[in-house]
Amino acid sequence: LVMVFYGRNGKSNLVSMENKLEHQAKNQITYDIHLPSDLGMLYKVRLGLQSSENTISQLFLRHFKMQNTSTLDTFSLTINKTLPLSLNGDRWIEFPVEWPLKEALSVVTYHLTVFSRNILSERNLLHMTASIYGTHGDTGDRSLLWSLQNVHQGDNNESFLVTVDAVELGEPDKVVLLISSKTDCKLDIKKLHLKEALKEHPIYVFEVNEAFSVDADKPEIQREIPVSFVIRGDKQKNDIDNNLHKEGSKAKNLTEYTIKVYTGDQRGAGTDANVHIILFGNEDKSEVFQLSQSLEHQDPFERGKVDTFKIETKKLGSLHSIEIGHDGKGF
């Protein structure tokens, strides 16, 4: 059994339970863990079985509890899951740490679609993992080839879907692929698509377009792939409509303003409420504008993010003040 702890100041290395001091009671083992550095307030724990190709051992996890021995802050969670989650399946589970009066992150199911040319012919020769990174940390290495059930074959490629349950990543920014084999083989990967299972958009696209050759000289290949672009669905159509509207409105002697909102980077700084703004000039004041269509993010006003908005209004003269606020709805 191994663990990784995530805090606001970083994450721990892999902590193995093998050599830790044990206090064993019935159906319960307590470990004393000394982290080498102060991780800050913990927000996530990842728990897994040390990967071993020849073992099919399973572990049923009933309950998890941890306590900071200095502050006596305690976190407790009922898990009731068996690792691996299916035969030869994902050997990791992770969960958010929830402290009193602190907002916890949520667990999200992600769909990672891999587009390749020859995965079906090579799948029994390869071991392939992906670690997805975002603004809230990473998923750790997750096996990709254990459930090749829904493989879609096209004229020139094939694709398969991998389901990853993880504490929300925030804004995904890169994927690290690890490909290994005990025999010579070649895997041609075109791209990866990542999205939340319950949402159609946004889709994060990672362009790969590389043939990976694994042989005796290079039995393991690691490749870091940054996000190439993001498909945000209906928002792109709205941007086009807004541009057309903009061209027509310039003839009406309107003034366009660009508004950038910098949401703070403290816990709880973001909002799901409806945000409005009013501009005041020495000649007039604007109507009330709802700041809903961010040019960067589908979900604006998230912690530590910058959102840009474009608005058009009558001539106000020189601006001297603004009113900005929200309706208090949502979190």
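The model is predicted, so local features need pLDDT of at least 70 and side-chain atom pairs count only at pLDDT 80 or more, while totals for chains, interfaces and linings use all residues. Residues are numbered from 1 along each chain as its sequence is written, and side-chain values use heavy atoms, with hydrogens and water left out.

**Overall build**

The protein chain has two helices and 25 strands; these are DSSP runs numbered from the N terminus, with helices being H or I of at least four residues and strands E of at least two. Of its 331 residues, 40% count as buried (under 20% relative accessible area, with a 1.4 Å probe and protein chains only; exposed is over 50%, and partly exposed lies in between).

**The nonpolar cores**

In soluble globular proteins, nonpolar side chains tend to be buried together. Here a nonpolar core means a set of buried Ala, Val, Leu, Ile, Met, Phe, Trp, Tyr and Cys residues joined through side-chain atoms within 4.5 Å. The largest one holds 30 residues, and Met128, Leu144, Leu177, Ile179, Ile189 and Leu192 touch the most other members. Strands 10, 11, 15, 16, 17, 18 and 19 each give two or more residues to this core. Another core of 19 residues lies apart from it, with Met17, Leu47, Leu49 and Val97 among its members.

**The largest pocket**

A pocket is an open set of points on a 1 Å grid over the protein atoms alone, where a 1.4 Å probe fits, with protein on both sides within 12 Å along at least five of seven lines; lining residues have an atom within 4 Å of a point. The largest pocket has a volume of about 1600 Å³, the space filled by probe spheres set on the points, which are joined across faces, edges and corners. Of its 37 lining residues, Tyr31, Phe64, Lys65, Met66 and Gln67 are the closest to its centre. Strand 7 gives the most to the lining, with nine residues. These strands each supply at least two lining residues:

| Strand | Residues |
|---|---|
| Strand 1 | 2-7 |
| Strand 5 | 28-32 |
| Strand 6 | 42-48 |
| Strand 7 | 59-67 |

**A buried threonine**

Thr308 sits in strand 24 (residues 306-313). Thr308 counts as buried because its relative accessibility is 5%. Its side chain makes a polar contact with the side chain of Lys260 at 2.9 Å (a pair of N or O atoms within 3.5 Å; within protein, one must be able to donate a hydrogen and the other to accept it, and residues adjacent in sequence count only if both atoms are side-chain atoms).
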